[in-house]
Amino acid sequence: MSHLLITWVLATAALLITSYIVPGIEIESLGAAFIGSALIGLVNAFIKPVFVALTIPITVVTLGLFLLVVNPLMLWLAGSITPKFRVRGFIPAVLGSLGIAIVSAILNRLLR
């Protein structure tokens with residue numbers, strides 16, 4: 001249980017840091033960041049696999065490059081559902097998903 005809480009806090013920190021770096025990602029409060037990171041996790045756990053399975057033909061035709069579009073779309077979806085957390089377009093979603101991945105990797109590396 002404590003591992004789950006630590007992961008959630010790290011994901012929230014990565015989301016907050018990314019929101020300061022990437023213009024177009026707006027978080028109004030710490031609570032919104034916690035809710036947003038939890039929702040991003042739920043979207044990635046439940047909706048993303050279905051979306052990836054449905055888009056296999058596009059992924060095959062683009063030789064896998066379409067998968068680079070999936071993470072930003074999931075971030076954009078989580079931002080549209082969560083109150084006080086907004087992603088203002090596709091380019092901020094792309095930059096935000098890259099930023100979250102990089103910051104999460106750095107934070108996870110620092111805690112090991």
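Predicted model: local features only at pLDDT ≥ 70, side-chain atom pairs only at ≥ 80, totals over all residues.

Reply: Residues are numbered from 1 along each chain as its sequence is written, and side-chain values use heavy atoms, with hydrogens and water left out.

Me: What makes α4 roughly perpendicular to α5?

Reply: The axes of α4 (residues 67–81) and α5 (residues 90–111) cross at roughly 105 degrees and come within 8 Å. Angles from 65 to 115 degrees count as roughly perpendicular, under 35 as roughly parallel, over 145 as roughly antiparallel, and the rest as oblique. So α4 is roughly perpendicular to α5. The axes are lines fitted to C-alpha atoms, for helices over the stretch in contact, with angles running from 0 to 180 degrees between N-to-C directions.

Me: Which residues of α4 and α5 meet?

Reply: On the α4 side, Val69, Asn71, Pro72, Leu73, Leu75 and Trp76; on the α5 side, Phe90, Ala93, Val94, Gly96, Ser97 and Ile100. Contact means heavy atoms within 4.5 Å. By class, that contact has 9 nonpolar, 3 polar and no charged residues.

Me: How do you know that Arg88 and Glu26 form a salt bridge?

Reply: The term asks for a side-chain nitrogen of Lys or Arg within 4 Å of a carboxyl oxygen of Asp or Glu. For Arg88 and Glu26, the N to O value is 3.0 Å, so they pass. Arg88 lies in the loop between β2 and α5 and Glu26 in strand β1, so the pair ties together parts that are 62 residues apart in sequence.

Me: How many salt bridges does a search of the whole structure find?

Reply: There are 3. Arg86 pairs with Glu26, with the closest N and O atoms 3.7 Å apart; Arg86 is in strand β2 (residues 85–87) and Glu26 in strand β1 (residues 25–27), 60 residues apart. Glu28 also bridges to Arg86, at 2.4 Å between the closest N and O atoms. Shared partners join Glu26, Glu28, Arg86 and Arg88 into one network.

Me: Which residues have the most contacts inside the largest nonpolar core?

Reply: Leu15, Ile27, Ile40, Leu75 and Phe85, in a core of 22 residues. A nonpolar core is a set of buried Ala, Val, Leu, Ile, Met, Phe, Trp, Tyr and Cys residues joined through side-chain atoms within 4.5 Å. α2 gives the most to this core, with 5 residues.

Methods: Helix = DSSP H or I, 4+ residues; strand = E, 2+ residues; numbered from the N terminus. Nonpolar A, V, L, I, M, F, W, Y, C, P; charged D, E, K, R; others polar. Buried < 20%, exposed > 50% of the residue type's maximum accessible area, 1.4 Å probe, protein only.
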